[in-house]
Amino acid sequence: SDHTYNFNITMTCGGCSGAVERVLKKLDGVISSEPYQDNLLTSLPGVKSFDVSLDSQTAKVVTEPSLDYNTVLEKIKKTGKKVNSGEADGQPQAV
């Protein structure tokens, strides 16, 4: 079944949350709001949806079963933002 990953990330501005959103969009399977990409992306395994909140300093990512926690974590870390904590399907995970 699908996975739900939650991350607590230090983000100080809209640019920070935007950077996290951009890397999540690059993971296969993100369903874009851009119509020309929908047919291409919906069939790929990967991220199904995500919600990045600057206010709560969190990113919630719902993925296909094939996309593991560490892959998503590493993508977020590539933004240079500090990941303070993470969990996979309700279980705390190392960051």
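The questions below take the labels one by one.

This is a predicted model, where local features need pLDDT of at least 70, side-chain atom pairs count only at pLDDT 80 or more, and totals for chains, interfaces and linings use all residues. Residues are numbered from 1 along each chain as its sequence is written, and side-chain values use heavy atoms, with hydrogens and water left out.

Q: What makes D2 and K48 a salt bridge?
A: The rule asks for a side-chain nitrogen of Lys or Arg within 4 Å of a carboxyl oxygen of Asp or Glu. The closest N and O atoms of D2 and K48 are 2.9 Å apart. The pair therefore qualifies under that rule. The count for the protein is 1 salt bridge.

Q: Which parts does the pair of D2 and K48 tie together?
A: D2 lies in the segment before strand 1 (3-9), and K48 is in strand 2 (residues 47-53), so the bridge links parts 46 residues apart in sequence. Strands here are DSSP runs of E, at least two residues; helices are runs of H or I, at least four; both are numbered from the N terminus.

Q: What is S17 in contact with, beyond its neighbours within four places in sequence?
A: Contact means heavy atoms within 4.5 Å. By that rule S17, in helix 1 (residues 14-26), meets M11, V52 and L54.

Q: What makes a group of residues a nonpolar core?
A: The members must be buried Ala, Val, Leu, Ile, Met, Phe, Trp, Tyr or Cys, joined through side-chain atoms within 4.5 Å. The largest such core has 19 residues; F7, I9, V20, L24, V72 and I76 touch the most other members. Helix 3 gives the largest share, 4 residues. In soluble globular proteins, nonpolar side chains tend to be buried together.

Q: Which residues does V20 touch, not counting those up to four places away in sequence?
A: V20 touches I9, M11, V52, A59, I76, T79 and K81.

Q: How many helices and strands does the protein have?
A: There are 3 helices and 5 strands. Along the sequence they run β-α-α-β-β-α-β-β.

Methods
Buried means under 20% relative accessible area, exposed over 50%, partly exposed in between (1.4 Å probe, protein chains only).
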